[in-house]
Amino acid sequence: MIFFRSQPGLVAYVTCGDPDLATSRAVILSAIDAGADVIELGVPFSDPVADGPVIQRASERALKNGTRLEDVLTLAEGVRNSRPLTNLIIFSYLNPLIRYGLPKFVKRAKEVGVDGVLAVDLIVEEAGEYRLLMEKSHLAPIFLAAPTSTDARLKKVAAASKGFIYAVARTGVTGAKTDVRGDAQQLVKRIKKSSKLPVAVGFGIANAEDFQAVGKYADAAVIGTAIVKIIEEQSAKAASPEAVAAAVGKFIRCVKKTT
Amino acid sequence: MARAKEAKNIPGRFGAYGGRYVPETLMAALEELEAAYAKAKKDKKFQRELAELLANFAGRPTPLFFAERLTKKLGGAKVYLKREDLLHTGAHKINNALGQALLARRMGKKRIIAETGAGQHGVATATVCALFGLECVVYMGAEDMRRQELNVFRMRLLGAEVRGVESGSRTLKDAINEAMRDWVTNVRSTYYLLGSALGAHPYPTMVRDFHRVIGREARAQILKAEGKLPNAVIACVGGGSNAIGIFHEFIRDKKVKLIGVEAGGRSLALGEHAARFSGGSPGVLQGTYSYLLQNESGQVATTHSISAGLDYPSIGPEHAALHDSGRAEYVNASDKETLEALALLSRTEGIIPALESAHAVAEAIKRAPKMKKREIIIINISGRGDKDMGILQENIRA
């Protein structure tokens, strides 16, 4: 069961293993303590077609030190044990999940205390077996809705999603600048017509001002690239995991405080 | 993941393979493309226009040439060459580029993007964009730009913008990633002119259809020349567009062996080759479910081939299905065998094939001597070697 304690809720994305798993753990705990309602644990992938340069670089760093899906699940387990009430989502491209084995992945995700899964390149039509497995294990399948999705497609997305619906704020990859009052607002309005689920808006939400603007029409906002960028900058200065985590925590508090 | 049994009759599925694995943002565009293509396919005016361009602009039909001296030298089966290398721009790629550009124009798209490996698809796309007055951006891996620099210049001369890609292995796969990122950003105005029988539905089907003309011609030509069908049809397979184009017309002729030749590279260790059926396993990359060279964690492996056009970790999904059903056989040729084959064909027939196509020649050299003199092989010479002179100078002492 995923729920947003705060209004609007904040979803924080972290590429796991960037620059190492210890830092990811410290960052995630700090983000939770700073008020993130949901953590998206990003599984690094060699070919992240939906991501901009910042998250591409984070994936490369995570893969360079050998981060695997198994490590991300173990990380989730540790976080779950330390913060029993938080919401944990696995955010991945499909291939690492298939390679691990979908049934095995779903079983293990449930075991470690994950609440939901978002596979970026899995559309509803291709998700038959995946949805069955998720349902059996009471995991929430989260699907993307896009500004280009037709109303008919939004209906399918709404019917297949649990937990929340992830509204992509604009056409494009993660991290590019978004006009949060444009496409995104229209899209949330359209989604709300066919679903009662909470809607989180993501892609390009970079600061307190964006967060506040999105909060006026959506249930939550996803912050990814802005967090990954802080991790990148801090790590480049050889900061300790604790120092990186503190910088991310400060950023999240700052984003939330103004609302 | 749809299971093989239930997936059989879903459009865009080839057995268990194919499908659509893309971010939701691209789905409306793929649905729009699927509908536009279905309409164009049935439209006589579209087909007439395409046929005329293929004849008068591209130079179809291409000859089927009896390679008499090569046949004698190999001492077995009669070897015929399907001369796609004689087409305008130097390779089969123009068949698909013309088809898709006509479609883009019908759909009212003014901006075309494409990826390219060896540069042949990029040149074909730049060419058709010049012909139709469309804006053209081509993504190309930085490593490929280095080894196929003549084609980079050709594209620019034709008015296209070539954008180098520095990520990953800086080859075809990374160029496709970057083209997909462009498409997902500019999806409302942009047509993605994908260059092989790869990617999300409807691309593998549509690209195949535009290349089926190769097999249609070859089948009629060999019947006319020999009064019978060939015993084997051999083609190189990167993404697999030239191979599926020549294979398709022969699939129902069960006695005709279909042989795809992958890049054996330097060796069959992971990272040293691009032979997906020797070490690959099913997985999802760039929109489609097919055989994929990957590590145990599902990360896509780097690949190597002397030919940029075959240097790709996945393979068109229809080939995956033909492989599993046993209807086609897939082998590989090493860089070294390929260079030897290229030199041999050049000196016995006066035809310098592209490095990609030379992989198919290498397989014919292995196979023809073991066959009977009345048996027949057709090799698809998918492109010409002009673009490869730089690499050949580094590797062959002429």
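Two residues are in contact when heavy atoms of theirs lie within 4.5 Å. Keep that in mind, and keep in mind that this is a predicted model.

Let's start where chain B meets chain A. How many residues of each chain are in contact? On chain B, 35 residues, and on chain A, 38.

Next, area. The size of an interface is often given as the accessible area lost when the parts come together. Here, about 3200 Å² is buried between chain B and chain A. Carbon and sulfur atoms give 49% of that area.

Now the polar side. Between the two chains, 24 residue pairs are in polar contact, counting pairs with both residues at pLDDT 80 or more. Which elements of chain B give two or more residues to the side that touches chain A? Two are strands, β2 (17-21) and β11 (281-285), and two are helices, α2 (27-42) and α9 (172-185). α9(B) gives the most, with seven residues. What kinds of residue make up that side of chain B? We get 13 nonpolar, 13 polar and nine charged.

On to salt bridges. Five of them cross the interface of chain B and chain A. Take E126(A) and R13(B): their side chains meet in a salt bridge, at 2.5 Å from N to O.

N332(B) sits in strand β13, residues 328-334. Its side chain makes a polar contact of 3.4 Å with the side chain of S278(B). Leaving out residues up to four places away in sequence, what else does N332(B) touch? Its contacts include V261(B), E262(B), A263(B) and G264(B), along with L268(B), A275(B), E337(B) and K366(B).

Note on methods. Residues numbered from 1 in each chain as written. Chains lettered and ligands numbered in written order. Predicted model: local features only at pLDDT ≥ 70, side-chain atom pairs only at ≥ 80, totals over all residues. Heavy atoms only, no water. Buried area = accessible area lost by both parts, 1.4 Å probe. Salt bridge = Lys/Arg side-chain N within 4 Å of Asp/Glu carboxyl O. Polar contact = N/O pair within 3.5 Å; in protein donor to acceptor, adjacent residues only side chain to side chain. Helix = DSSP H or I, 4+ residues; strand = E, 2+ residues; numbered from the N terminus. Nonpolar A, V, L, I, M, F, W, Y, C, P; charged D, E, K, R; others polar.
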